[in-house]
Amino acid sequence: MIRAMKYTIAIPAYKASFLAICIQSILNQTFFDADFYRKPNIGMALQAKKDFPDLEWNKCLMIGDSETDMRFAMQCKMKGVKI
C-alpha cells in the first residue's frame, strides 16, 4: 500500500522575486528526497559531511529527544545523548 505523505511548507517571502524559484524547488522534490533527509535516515549527515569535509563523526555528538535521534546517531557512528 502506498501512503500519501502530507507536508506543510512555510515560505518566508522576504523578496517576491525569489518566490517562484522557491516554489519550483519544492515542486521538484520527490518523496524519496524528503525521506532520505528525515531521521533516522542519514541523508542530512551525508550532506553535512559533503559541506564540511573535515567533520569527524567520532568527535560529533547528536543531542535529541527521540528514539529516531538516537538511531540516527548510531547509524552515523556518533555518540547520542537523549534529553
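The largest nonpolar core of this predicted model has seven residues: Ala45, Cys60, Met62, Phe72, Ala73, Cys76 and Met78. In soluble globular proteins, nonpolar side chains tend to be buried together.

Apart from its neighbours within four places in sequence, Phe72 is in contact with Lys39, Pro40, Asn41, Ile42, Met44, Ala45 and Met62.

Just after α4 comes Lys77, with a positive phi of about 60°.

Side chains of opposite charge can pair when their charged atoms come close. There are three salt bridges in the structure. One of them joins Lys39 to Asp69, with 2.4 Å between the closest N and O atoms. Because Lys39 sits in the loop between α2 (31-36) and α3 while Asp69 sits in helix α4, this pair ties together parts that are 30 residues apart in sequence. Asp69 has a relative accessible area of 3%, so this residue is buried. Lys39, at 33% relative accessibility, counts as partly exposed.

Lys82 is in strand β2 and Glu67 in helix α4, so the pair ties together parts that are 15 residues apart in sequence. Both partners count as partly exposed, Lys82 at 48% relative accessibility and Glu67 at 47%.

The remaining salt bridge is between Glu56 and Lys59, whose closest N and O atoms are 3.4 Å apart. Here Glu56 counts as partly exposed because its relative accessibility is 38%, whereas Lys59, at 64%, counts as exposed.

Nonpolar side chains are also found on the surface. Leu19, Ile23 and Leu27 form a nonpolar patch there, and together they have about 270 Å² of accessible area. Leu19 is part of helix α1, which covers residues 19-27. With a relative accessibility of 34%, Leu19 counts as partly exposed.

Definitions and conventions: Residues are numbered from 1 along each chain as its sequence is written. This is a predicted model: local features need pLDDT of at least 70, side-chain atom pairs count only at pLDDT 80 or more; totals for chains, interfaces and linings use all residues. Side-chain values use heavy atoms; hydrogens and water are left out. Patches are made of residues with over 30% relative accessible area and no salt bridge: like charges are joined within 9 Å, nonpolar side chains (Val, Leu, Ile, Met, Phe, Trp, Tyr) within 5 Å. Accessible areas come from the Shrake-Rupley method with a 1.4 Å probe; for residues, only the protein chains shown count as cover. A salt bridge is a side-chain nitrogen of Lys or Arg within 4 Å of a carboxyl oxygen of Asp or Glu. Helices (H or I, at least four residues) and strands (E, at least two) are DSSP runs, numbered from the N terminus. Buried means under 20% relative accessible area, exposed over 50%, partly exposed in between (1.4 Å probe, protein chains only). A nonpolar core is a set of buried Ala, Val, Leu, Ile, Met, Phe, Trp, Tyr and Cys residues joined through side-chain atoms within 4.5 Å. Contact means heavy atoms within 4.5 Å.
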